[in-house]
Amino acid sequence: MGNENHGSAGNLVQAGLINGDVYMAGPRPKRPGELRAAPEHFSDRDGPKANLDRLLVEPRVRRAGFAVVSGISGVGKTALIGHWSHQVRQEFVDGQIWFDFERGKYGSGDAAEHCLRMLGAPEDQIPRADGAKVAMLRTWTQDLKLLIIFENVVEPSDVLELLPASGASVVLCTSHQEAAELVAHGAQLIRLDPLEQEYALDYLRRDKLRERLDAAPEAAKELAARTGGFPVALNVMIGLLTVRTSWTLARAVQELSEKRRRRKHFRKAFAELDLAVEQLTLAAARVYGLLGRVALALPVGAVAALTDLSEFDADYHLEDLRRFCLVEENDQCQFLLHDLVAEHAAETLGTSDAQSDDAVRRLVAWYRQQGGFADRMVMEPTRLRVVDDDLPGDNPFTEKTALEWLRSERVNLLGMVRLASESGWHVDVIALCDGPLWALHNKDKHYSDTLSALGEAIKSAVAIEDPLAEARMRSLRGQLLVECDEVAEALDECARAVEIAERTGHRRILASALEFQGKAMHADKEFDAAIANFSRAWQLNNELGKQRGMALQEYLTGKSLIKLRRYEDALAELATAAERITGFPEDTQTPSRISVATARAHQGLGQHEQAIPLLIEAIPVIREQSSFNVAEPLELLADSLTALGRPGARECLQEALIIYEQAVSPKAERVRRKLSAE
């Protein structure tokens, strides 16, 4: 036989030696269109959709675009790709293919075979070997413009061999694993979180439900919160509310509040989480359960304390949880479980109550120790503390990192107060409030939370019959009430603190209680009574040899003298305080406060030229120390600039107003009046 063709032939191949199979591709049918129906309702996901859109425009040569959409079951992965694929289907002129791996039930060979069939490959030409099927798929897709969707992929790396050698094609896969290792292979990782509240509400607000939700906005928010923002759980509530037309939203919230009934309604979501946990090691599952026990966003060090592991091992197991999309890491390097997941984790803990309590005990102890270090770096190390912990080792913080830690861990510190209070660990409650939470309050103002925590601390002091701690906690709470302009309640709280301190005979606690009561009296415009308190506190500090305490009383006395318009006396008192505080160079806060009070005294005498440089010098120091406390000198500087007709007053007032508004301070209204008067 020669190397020539004579006659007609449907498919003709001219070749030399051939090793392996030969695949003959006949005429293809119409392009496949396997997209599932678009979701009826879709909310948010603008960020993930934008990431998918980039797959349409990014330059690629001989390689399909590839994205892995990961997240917990029920979070909306299928809905996202379904919504997006229908929006862009016209971009893929050679069709769309959808294949479900069903979490390992099918493999790459099965996926390749399905794709080949959808592209028109004759049954008798599809090879049996998986590798050959994959090779044939690459041949058939190399010049096509396809959208291929692979769902429920266990190992996203298995999809790499299925990628068409065509820059015009796009492959999406959904998985419960994040697959960070695929970034090096050009994959775009899109991780879905539960919907935030506003989008969860939008998801619930269907045509038939909109009126009911809008009529009860608070109940609607609570209902959205109860679902954890998971679309699968939101769909359950949509169905219940649609069928149970007599239910109010409050009734629906009640339904989700009962644990057993909640578990029944969300059984599908919990079953999916059960499957995810089955893939974990026992150690990782234990970390998961303990995270659910406390339901807080914890840094690695705290997780290590909770689980009684080294930080290295804790980080290893957290990475495992993160890979399976069970835990999230926020922008402050804290690890958290979403609400519904935390509930599931707590149920799967699998340890005794005693073991669980021991874990929480370690966590509270860790925060007490770290909080103690941070407190001593941010505030005067020798300041009065009724629980003065002996902290082991070197302080791990600088002043800057201590404040950063306090700010990032504020919610967790409040959480420790709650956990300690629930467990009856009363000394821990007091130590946390008197230490890190009070240190943070001196820098930032979070009145509602801190007032609540101090209320728990007072209960703890009463429970263990510790009058010193009770007097201290009532004094601190009185100070917060003064700042909130709740002067009458502050006076009552401080009076009880002084009464208790008097009975103890503890001079330092009594001096502190007198000081805070004097501040409340000052706020009540009882300036002479306030000065009497400060004078008595000064005497007690003098007896104790507490020079810094004496300086503080002189400073406070000067402020009350200003209110009495005894400006010259105030300047003399403040000068003494300024001189005395120089013996404490590590205290940078008190000198700047004295400077502000001195500037106010000069303003009272009409000496704005003397006031302005004092304020200009103090403002940057105070700004570095406390975002809230800088508002007062800014306001005073604006007053002096206005009095002298100099520019810049409005800018100072605007900044002060923002600070007061953020802290929900009643002083904001005064600044608004000044701005409107300009």
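1. Basis of the values. Because the model is predicted, local features need pLDDT of at least 70 and side-chain atom pairs count only at pLDDT 80 or more, whereas totals for chains, interfaces and linings use all residues. Residues are numbered from 1 along each chain as its sequence is written, and side-chain values use heavy atoms, with hydrogens and water left out.

2. Cysteines. With a disulfide taken as a pair of cysteine sulfur atoms within 2.5 Å, the count is zero. Cys-115 is accordingly in no disulfide, and the nearest cysteine sulfur, that of Cys-173, is 13 Å away. Cys-115 is buried, since its relative accessibility is 0%, where buried means under 20% relative accessible area, exposed over 50% and partly exposed in between (1.4 Å probe, protein chains only). Cys-652 also counts as buried because its relative accessible area is 10%.

3. Salt bridges between elements. A salt bridge requires a side-chain nitrogen of Lys or Arg within 4 Å of a carboxyl oxygen of Asp or Glu, and this rule gives 52 of them. One of these joins the side chains of Arg-191 and Glu-328, with an N to O distance of 3.1 Å. Arg-191 in strand E5 and Glu-328 in strand E6 (residues 328-329) are 137 residues apart, so that the pair links distant parts of the chain, and both residues are buried. Helices (H or I, at least four residues) and strands (E, at least two) are DSSP runs, numbered from the N terminus.

4. Glu-655 pairs with Arg-623, the closest N and O atoms being 2.3 Å apart. Lys-674 is partly exposed at 25% relative accessibility, while Glu-635 is buried at 3%. Salt bridges with shared partners also join Glu-113, Arg-117, Glu-123, Asp-130 and Lys-133 into one network.

5. Charged patches. Patches are made of residues with over 30% relative accessible area and no salt bridge, like charges being joined within 9 Å and nonpolar side chains (Val, Leu, Ile, Met, Phe, Trp, Tyr) within 5 Å. A negative surface patch consists of Glu-155, Asp-158, Glu-161 and Glu-181; Glu-181 sits in the loop between strand E4 (170-175) and strand E5 (188-191) and is partly exposed at 46%. A positive surface patch brings together Arg-244, Arg-260, Lys-264 and Arg-267, of which Arg-267 lies in helix H11 (residues 267-278) and is exposed at 56%.

6. Most residues other than glycine have a negative phi. Arg-45, although not a glycine, has a positive phi of about 65 degrees; Arg-45 is in the segment before helix H1 (46-57) and is buried at 7% relative accessibility. Cys-333, likewise not a glycine, has a positive phi of about 60 degrees. Cys-333 is found in the loop between E6 and strand E7 (335-336), and counts as partly exposed because its relative accessible area is 48%.

Notes:
Areas by Shrake-Rupley, 256 points an atom, 1.4 Å probe, with all protein chains shown as cover. Lys, Arg positive; Asp, Glu negative; His and termini not counted. Charge placed at Lys NZ, Arg CZ, Asp CG, Glu CD.
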